Amino acid sequence: MSKMRESLIMKVHYGTALGAVALVAIHILFRMTQDFSASLQYQSVIANYHFLPYALMLEVVLILLSVHGFNGLRVILLELKQGIGYERAVNYGCLGAMTALIVYGSRTILMAGVGMT
Amino acid sequence: MERQSNREGIKGMMNPTRYGIERFAYWLQRLTGLGLLFYLIGHIIETSAIVEGKAAWDKMLELTQTTEGHIILILVIGMSVFHTVNGIRVMLGHGGIGVGKPGRPDYPYRPASLNYKQRLCIWVSIALAALAMMYGAGILFGE
C-alpha cells in the first residue's frame with residue numbers, strides 16, 4: 001500500500017464505495033423480501049448462505065467494505081499526524097487489520113455456505 | 001517549535017464549529033465513516049455466530065434484537081445514507097463537477113468551490129439520512 005500512489009488509492013477508495021453501495025442495497029433488499037425478524041431466523045439465513053450467487057455477493061461486499069473502511073481509517077490517521085515511522089505503522093496496520101477482517105468474514109461465508117455449522 | 005505550537009492534533013480535527021457547514025460535513029463524513037467501520041467489524045463478528053449452530057445464532061439474536069440494538073441499527077441507517085450521499089458529493093467535487101469556475105480572489109474572499117450547490121447537497125444528505133432513519137424506525141419498531 002505504501003508503494004502505491006495516493007491518486008490510485010483514492011480511485012480504489014471511490015470505486016469500492018460505488019461498488020459497495022450497489023451491493024449493500026441488494027443485501028438490504030434480501031432482508032426485506034420477507035418480514036424483517038423472520039428474515040433473521042436461522043433457517044432463512046442459512047438458506048441465504050447456501051444460495052451460491054448470494055454467498056459470492058457477500059464475499060465481494062466484505063472485500064469492498066473492508067478495503068474502503070480501512071483505507072478511510074488510514075486517511076483519517078494520516079491527516080492527524082505525519083512521519084515516516086508513523087505513516088508506515090498506519091499503512092501496514094490498516095492493511096493487516098483489513099486482511100484479518102476479510103479472512104474472518106470469508107471463514108463464516110465459506111463454513112455456512114458448505115454446511116459446516 | 002513555532003510549527004509545533006500551531007498543531008491542534010485530534011482536538012483540531014474534532015472541532016466542527018469553524019469554517020461553516022463544509023467543515024461540519026467533513027467532520028460528519030469522518031465520524032460516520034468510523035461509526036460504519038465499527039459496525040462492519042461488529043456485524044462480521046455477530047454473523048459469525050451462524051457457524052456455531054442454531055442455539056448460538058438464537059442467543060446472538062436475543063442480544064441484538066432489542067430496543068438498544070434497534071436504536072443502533074437506526075443510527076447505522078442514518079450514518080450509511082449521509083456517508084453515501086455526501087461521499088458522492090465529494091467524489092463529484094474531486095472530479096471538478098459542481099465546484100464552479102476559478103476566479104480572482106476578491107473581498108470577502110468566498111471560494112467558488114464552496115457554492116450554494118455544495119451547501120444544498122450537504123443539507124440534502126442530512127435530510128435523506130433523517131428520512132431513512134424514520135423509515136428504518138418504522139420497520140424495526142413496527143408501523
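Colleagues, the model is predicted, so local features require pLDDT of at least 70 and side-chain atom pairs count only at pLDDT 80 or more, whereas totals for chains, interfaces and linings use all residues. Residues are numbered from 1 along each chain as its sequence is written, with chains lettered from A and ligands numbered from 1 in the order in which they are written.

I begin with the fold. Chain A contains five helices and zero strands, where helices (H or I, at least four residues) and strands (E, at least two) are DSSP runs numbered from the N terminus. Along the sequence the pattern reads α-α-α-α-α.

Next, the overall dimensions. The C-alpha atoms of chain A fill a box of roughly 50 × 25 × 20 Å along the principal axes. The radius of gyration of chain A is 17 Å, while a compact globule of 117 residues would have one near 13 Å; the radius is taken over C-alpha atoms, and the globule rule is 2.2 Å times the number of residues to the power 0.38.

I turn now to the contact between the chains. It takes 24 residues from chain A and 25 residues from chain B, two residues being in contact if their C-beta atoms, placed from the backbone, lie within 7 Å. On the side of chain A that touches chain B, helices H1 (6-31), H2 (36-39), H3 (42-50), H4 (52-80) and H5 (84-113) each supply at least two residues. H4(A) gives the most to that side, with seven residues.

Thank you for your attention.
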